[in-house]
Amino acid sequence: MYTGRDMTELSMMSKADWNENELAFFHHSLQQIAPYLNSEGVTIHREIIEEIESRGGIKG
């Protein structure tokens with residue numbers, strides 16, 4: 001179970017300051033509800049994906 005910072009706190013930070021676990025968790029969560037996201041949610045998800053890609057992907 002994820003026990004890190006919540007989206008309220010993270011939304012006030014640059015995606016570059018998120019740790020890998022946060023990026024992976026919220027990417028997975030948003031991916032699961034993608035058909036229901038509004039334009040703001042889609043933008044946040046795209047930014048998370050771009051940050052993951054800039055770091056070379058998710059290592060696991």
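One aromatic cluster is formed by Tyr 2, Trp 18, Phe 25 and Phe 26. The model is predicted: local features need pLDDT of at least 70, side-chain atom pairs count only at pLDDT 80 or more, and totals for chains, interfaces and linings use all residues. Residues are numbered from 1 along each chain as its sequence is written, and side-chain values use heavy atoms, with hydrogens and water left out.

A pair of aromatic rings is described by the distance of the centres and the angle of the planes. Rings of Phe, Tyr and Trp (its six-membered ring) pair if their centres lie within 6.5 Å; planes under 30 degrees apart count as stacked, over 60 as edge-to-face and the rest as tilted. This rule gives four aromatic pairs. One of them joins Tyr 2 and Phe 26 edge-to-face, at 5.5 Å centre to centre and 75 degrees between the planes. This pair links distant parts of the chain, 24 residues apart. Tyr 2 sits in the segment before helix H1 (7–10), and Phe 26 in helix H2 (residues 20–32). Helices are DSSP runs of H or I, at least four residues, numbered from the N terminus.

Phe 26 also pairs with Phe 25. The geometry is again edge-to-face, with 5.0 Å between centres and 85 degrees between the planes. Tyr 2 is partly exposed at 23%. Phe 25 is partly exposed at 32%.

Glu 51 belongs to helix H3 (residues 39–54). Glu 51 is buried, at 16%.

Key:
Helices (H or I, at least four residues) and strands (E, at least two) are DSSP runs, numbered from the N terminus. Buried means under 20% relative accessible area, exposed over 50%, partly exposed in between (1.4 Å probe, protein chains only).
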